[in-house]
Each structure stands twice: as C-alpha cells, then as structure tokens.
Amino acid sequence: MTDKISNLLAEIEKTKIENKAQLEELRIKWLSKKGEISVLFDDFKIVPNELKKEVGQRLNELKIKATEKINSVKEVFEQQESTNAASSLDLTLPGIPLNQIGSKHPLSIVKNQIIEIFSKIGFTVSDGREIENDWHNFSALNTPENHPARDMQDTFYINLNPEMVLRTQTSSVQVHIMESQKPPIRTISPGRVYRNEAISARAHCQFHQVEGLYIDEQVSFADLKQTLLYFAKEMFGVETEIRLRPSYFPFTEPSAEMDISCTICKGKGCNVCKYTGWVEILGCGMVDPQVLINCGIDPEKYKGFAFGMGIERITMLKYRIKDLRLFFENDVRFLKQFTSA
C-alpha cells in the first residue's frame, strides 16, 4: 500500500493541469467517492496494526496534497476568468439606470403625519431614552408593584435587574417632562417600545408608540375628546367619527378606549372591524392626580389629559396591511409600494 501511496503522490506533484475539463477529470479520479484515494482508505482496514500509524499519516498527506492541488489550480482558473471578463468591459458605455429609488418606511411616513397633525395645535415633540428605570417606566405612572405588566413575561429587564428595563411605553418620556418643566405642558412622545410578547401577525416584541400629554389649568375631558376628534379627521378623513368606551389605565382616571368608524366599510361592517363598524386605535384619559403629585405638579391647580396609540396600528389601518411582521422584515417588495408616499 505504501508503494501505491508514493506513486500517487508523485503523480499528483508532476501532473500539469491545462484546462477546467482536465481539472474536473482529475478531481473525480483522485477525490471522488470511488476515486483512487477513497479506495486506498477502504483498503486501510486490512493494514496490520503495527503499520496503521505510518500508513494512516501517509494517507492523510496524500489526501491533503490532492485537495490542495485541485483547489489551487481551480483558484488560478477563476482568477483568469475574472481578469478576462474585466478586460472585456467597455468603460466608455453609459451606466445602467437605477429603476429603484429610495423611499421612507411606512412607519416613518405615518409617524411624521401624526407629528404634523399635533404640531398644528401646539404640541411639541419630546424624545427620551429606551432603557429606563423602574420609577419612570412604572412607579411614577401609578403602576403598583404587583401589576402584571411588571412580570418577566411582559417586560425586558436589563441583565435581570428589576430596576432597569427596556421601556414598555413612551409615557416614561412624559414623566421626565413633568419633572423638568412647569405647566402648561403640551407634548407628544413618539418612539420605539419593547414588550416580551410572542411575534405574530398582530403582535411583536418591539413596536412604536406616540403618546400625548396636555397639562394646564381648567383642562377637561371635553378638551381631550375634541383633540382626538380633530386628530381622527385629519388622519383618516373628515367623514371619520369617533366613540369613547370606558376603560382602565393605572395613570389616568377616568380612562377610555377610542374607536373610529371603520375606514374600509365606512361603518357598515366588514371583516376588518368584525362587522361592528368600529375599529379601536388608542387609549386615553384624564391624568390621575397621584401621577401629578409623583412628578411634583399641584393637582389642585392643574389638570391634564393623556393618550397613546401604536404607530403600527394606525399604519395598518391607513394602508390596509394585515401582517405586523412586514414592518420589520426589510422586504423590498413590500417597501417599494411606498416609494411615492
């Protein structure tokens, strides 16, 4: 067997490969499953035990030499083809025009529309950190310690630290604003938020919110209703109607969910609105006096309202998108539909 290995090694070293056809022929001859080297490995089992170490080393050397020979020649041929292709290019020819131009992401389009709508009535834009402490994300907003939102299945804690989280809502930005500014306050807080949820067509572990806050003297629920009615008509059309349903949020009292008349069936009933004629888009309410106290604002003098909406929810309604995951997949086929938006 050692003689066969030596002869094959000598053959590999002296063989000159002239073209790709010969290269493939020799690859099959040496390295295929039925090639000469594979046959030698099959015969290795009959080698006496005292010779197995020496013969095994020689076999491995043979296989390495053959593989290196084939790969090195293959690389040379590929470089030659690349060089030939480059030399045949006519650099004086005009370039190929780009048929695809960049565009804004649909979430950015809708976020900017929301900002523009509220800017017209005096709301400023506030930004904040995405990693928050417990006080600004939960406690200052009247969220009790045993509230389900604090549990691990809903909140991403930083390094399992119960005091630091990825913010679950942009209301945390409003707490910073109330702590640092004196009323009147009129601001919206757009941004990304995180919740430990299973990803599906209707839910994701990350999404975007816009939350609004207005604090001043003599603010009433009627002010909240008129503000949201104005927003709905500006975003979805002047024919849009709204309704408010009683609800509960730790940081507002009274609280409500707001529905708009279905933009697809115009309130007649369809599968999108589940044949009710209404679609929920946001939560709202009057700021709880305890939240004002937590942030150093006198609830006897000032009152306020707050609201929050998911940008994905608004975008899905506006553009009739059925799967939330499309916003995060960077699929050009999906994104190019918004080139002219």
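I took helices as DSSP runs of H or I with at least four residues, and strands as runs of E with at least two. The model I am reading is predicted.

**Entry: overall build**

I looked up the secondary structure first. The protein chain has 11 helices and 10 strands. Next I checked how spread out it is. The radius of gyration is 34 Å, well over the 20 Å from the globule rule for 341 residues, so the protein chain is more spread out than a compact globule. I then read off the box around the C-alpha atoms. Along the principal axes it is roughly 100 × 60 × 40 Å.

**Entry: burial, contacts and surface**

How many of the 341 residues count as buried? I found 40%. I turned to contacts between residues at least 6 apart in sequence, and 66% of these join residues at least 24 apart.

**Entry: charges**

I looked up the charged side chains. There are 43 positive and 46 negative ones in the protein chain. The centres of the two sets lie 6 Å apart.

**Entry: aromatic rings**

I searched the whole structure for aromatic pairs and got 10. Phe 338 is buried, as is Phe 334.

Which residues form one aromatic cluster? I listed Phe 118, Phe 123, Tyr 214, Phe 231, Phe 305 and Phe 307.

Methods
Residues are numbered from 1 along each chain as its sequence is written. This is a predicted model: local features need pLDDT of at least 70, side-chain atom pairs count only at pLDDT 80 or more; totals for chains, interfaces and linings use all residues. Side-chain values use heavy atoms; hydrogens and water are left out. The radius of gyration is taken over C-alpha atoms; the globule rule is 2.2 Å times the number of residues to the power 0.38. Buried means under 20% relative accessible area, exposed over 50%, partly exposed in between (1.4 Å probe, protein chains only). Contact means heavy atoms within 4.5 Å. Lys and Arg count as positive and Asp and Glu as negative; His and the chain ends are not counted. The place of a charge is taken as NZ of Lys, CZ of Arg, CG of Asp or CD of Glu. Rings of Phe, Tyr and Trp (its six-membered ring) pair if their centres lie within 6.5 Å; planes under 30 degrees apart count as stacked, over 60 as edge-to-face and the rest as tilted.
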